[in-house]
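I opened a new page in my notebook for this protein. These are my entries, in the order I looked things up.

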Amino acid sequence: MQAEKDAEFVGAALDAGLRAARFSLPPSSEEFAASIEPKNVPAVFRGVLKGSAALSRWDPLYGGLDYLLEKVGPDVAVEAMMSNTGHVFYGDLRSHERVSIPFSTFMQSCKSHLGHLNAASDSSKDKGTGKESTCSDKMCPASSENSEQLYLAQVSILNTESKDRCSLQVLKEDIQEPIFLKGKSFSSINFWMSRAHMRSSTHYDPHHNLLCVMAGCKKVTLWSPSASPFLYPMPVYGEASNHSCVSIEEPDYSSYTRAKYMKEYSERVILNCGDALFIPEGWYHQVDSDDLTIAINFWWKSRIMTEMLEHMDGYYLRRIMRRYCINKITQMGSFSHSERNGDFQSTDGLSGGSQPFNKVTNSDTSDKKGAALQSLKPCTLQALYELMSLVHNSVEAVDQNDRAESASQDTSVCQSNERKKTAADDSSLLEKDPVAKIILPVEPLELRSMLLAMVHTFPRTLEGLVLNILGPTGAEILTRKFDEMDQGSTPEEQAEFYKIFYSAFGDQYAAMDALLNRKELFSFQVFQSVLDQYLRVCVERPS
């Protein structure tokens, strides 16, 4: 089981085009800039740091701690993260604090921890177990010092975005940037070091990132930005908006239901000493570091962020949100082949659908109403019967004004309930709309024949369906079907159909308003879903 946790893997649902590329030889700076960086997909570079001075000088197992202590000096203070959640460092400011400590104090703590590890290893040898220390073995706490974990995280070696002095600037002398980053204008170069095994929370960064392991081992789990809905990022207005709400050790799937699928959309890579990982901006990553692991990282702005003009932000925000909503609507319309083309199944629990058809189709075929129904396919007649049942079971025998008022109130209540249910279980909007489920499998031209039959045979039922029963998802599906009908019809046939269809309504404009209002309500529900899943923001519909 531990071996499985320590191994690399690729989630079953991760798109092949989003999987990390692997390189055994470093690319040129031209190849990286032209073929790797623009794809915004992670890339692993094996052994790319071999020959670096830092690689040989910093290794804790071969005197690296003493070297770093002497190189930095005894009087330099650094900012460390102190976790109050054990070996897990969460981005939420409530779960950790930043403390200033002498670099020498941290180094001495690391030397003490190394002594415990060596003693434990010697003890195993003395007992004749012959077992070698593994990565996972080293993760076990070796002393009571682990009660308060310290982690040197993002300690500046270089920072072009801040005027503050970099605490570990002297270490830059040991660092040789990888050849493929030649010419990059770095925002910062940072030093990262864990004394004992530690875990970072799932988060993303606003810069391109090259993570380089100088000593030890890191296991990095990656998610594309498109996996945000499964990771539940913290609200965009919060202090830790780039971090996931989901606990990495004890995830609460009852509160974060989609999180149970997050592993399927992830990939884990293992970085050993000398390896580097390109993490594009916006990619979520969660990092496990072994004892005495040292890394540096290079951050730089992506081309798109460098060229994005601030005065255009308002447009980009609206444009991106609009595109997300359109994509979401498209995804909701991508139903399975069996739903579209399989045998139609009753959605209201009725069985033996042929029985009511006998009542209708046994009427005089010379009658215009009977002829309209006779032309429909059996599955279309079944859909018609179910729609009629919905209307007759839902609409009370009251005058039109009362029904309109009731519909307005029901729509408001429905909208409120939709918000609650969407936030609670995120189940398909299709499943909540019986009209949508009934009309979805009906072919567009068959639906046109069914609607025309309703105009001639059951005009009041059609009116009640559109004005009182049709929900937001049903309105979206129905208008999509209208578009598909139009694609297979001449302009004259289109005009004739809509003329006949709207003739069934006492107020044609009320019918048009009902369709448009509910279609917009559907779009708003999708917008709510996008805000919730990607920004963790809930909004009410404007009045």
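This is a predicted model: local features need pLDDT of at least 70, side-chain atom pairs count only at pLDDT 80 or more; totals for chains, interfaces and linings use all residues.

**Entry 1: Glutamate 97**

I started with glutamate 97, which counts as partly exposed because its relative accessibility is 43%, and the range for that class runs between 20% and 50%.

Next I asked where glutamate 97 sits, and found it in strand β6, residues 96-102. Setting aside residues up to four places away in sequence, I saw that glutamate 97 touches Ala80, Met81 and Met82.

**Entry 2: The whole protein**

Then I zoomed out. I noted 20 helices and 15 strands in the protein. The protein has 543 residues, and 47% of them are buried. I looked at contacts with a separation of 6 or more too, and 81% of those are between residues 24 or more positions apart.

**Entry 3: Threonine 160**

Is threonine 160 buried or exposed? I got 52% relative accessibility, so threonine 160 counts as exposed, the cut-off being over 50%. Threonine 160 belongs to the loop between β7 (149-159) and β8 (188-194).

Which residues does threonine 160 contact, leaving aside neighbours within four places in sequence? I wrote down Phe186 and Ser187. I also looked up isoleucine 189, which is 29 residues away from threonine 160 along the chain, with 9.2 Å between the C-alpha atoms.

**Entry 4: Cysteines**

I went looking for disulfides and came back with zero. A reminder to myself: a disulfide is a covalent bond between the sulfur atoms of two cysteines. I still checked two cysteines for burial. Cysteine 166 has a relative accessible area of 7%, so cysteine 166 is buried. Cysteine 325 is buried as well, at 8%.

How many salt bridges does a search of the whole structure find? My count from the search is 17.

I picked out the one between the side chains of glutamate 8 and arginine 22, at 3.2 Å from N to O. Glutamate 8 is in the loop between α1 (2-6) and β1 (9-10), while arginine 22 is in strand β2 (residues 21-23), so this pair ties together parts 14 residues apart in sequence. For accessibility, I have 34% for glutamate 8, which counts as partly exposed. Arginine 22, at 38%, counts as partly exposed too.

Glutamate 8 has another partner: arginine 46 forms a salt bridge with it, and the closest N and O atoms are 2.8 Å apart. Why does this pair tie together parts that are 38 residues apart in sequence? Because arginine 46 is in the loop between β3 (43-45) and α3 (53-57), whereas glutamate 8 is in the loop between α1 and β1. I noted 28% relative accessibility for arginine 46, so this residue is partly exposed.

**Entry 5: A buried pair, and a network**

Next came lysine 219 and aspartate 290, whose side chains meet in a salt bridge at 3.5 Å, N to O. This pair links distant parts of the chain, 71 residues apart: lysine 219 is in strand β11 (residues 217-223), and aspartate 290 is in the loop between β14 (284-289) and β15 (293-300). I found both lysine 219 and aspartate 290 to be buried.

I then looked for salt bridges that share partners, and these join Glu8, Arg22, Arg46, Glu267 and Asp275 into one network.

**Entry 6: Two helix pairs**

I finished with helices. Helix α16 (residues 444-457) packs with helix α17 (residues 459-469) at an angle of about 120 degrees, and their axes are 5 Å apart. That angle makes α16 and α17 oblique to each other. On the α16 side I listed Leu451, Met454, Val455 and Thr457, and these meet Pro459, Thr461 and Leu462 in α17. Sorted by class, this contact of α16 with α17 has five nonpolar, two polar and no charged residues.

For the other pair, the axes of helix α18 (residues 472-487) and helix α19 (residues 491-502) cross at roughly 145 degrees and come within 10 Å. From α18, the contact uses Phe482, Met485 and Asp486, and from α19 Gln494, Phe497, Tyr498 and Phe501. Here I noted five nonpolar, one polar and one charged residues for the contact of α18 with α19.

Note on methods: Residues are numbered from 1 along each chain as its sequence is written. Side-chain values use heavy atoms; hydrogens and water are left out. A disulfide is a pair of cysteine sulfur atoms within 2.5 Å. Buried means under 20% relative accessible area, exposed over 50%, partly exposed in between (1.4 Å probe, protein chains only). Helices (H or I, at least four residues) and strands (E, at least two) are DSSP runs, numbered from the N terminus. Contact means heavy atoms within 4.5 Å. Axes are lines fitted to C-alpha atoms, for helices over the stretch in contact, and angles run from 0 to 180 degrees between N-to-C directions. Angles under 35 degrees count as roughly parallel, over 145 as roughly antiparallel, 65 to 115 as roughly perpendicular and the rest as oblique. Ala, Val, Leu, Ile, Met, Phe, Trp, Tyr, Cys and Pro count as nonpolar, Asp, Glu, Lys and Arg as charged, and the others, Gly among them, as polar. A salt bridge is a side-chain nitrogen of Lys or Arg within 4 Å of a carboxyl oxygen of Asp or Glu.
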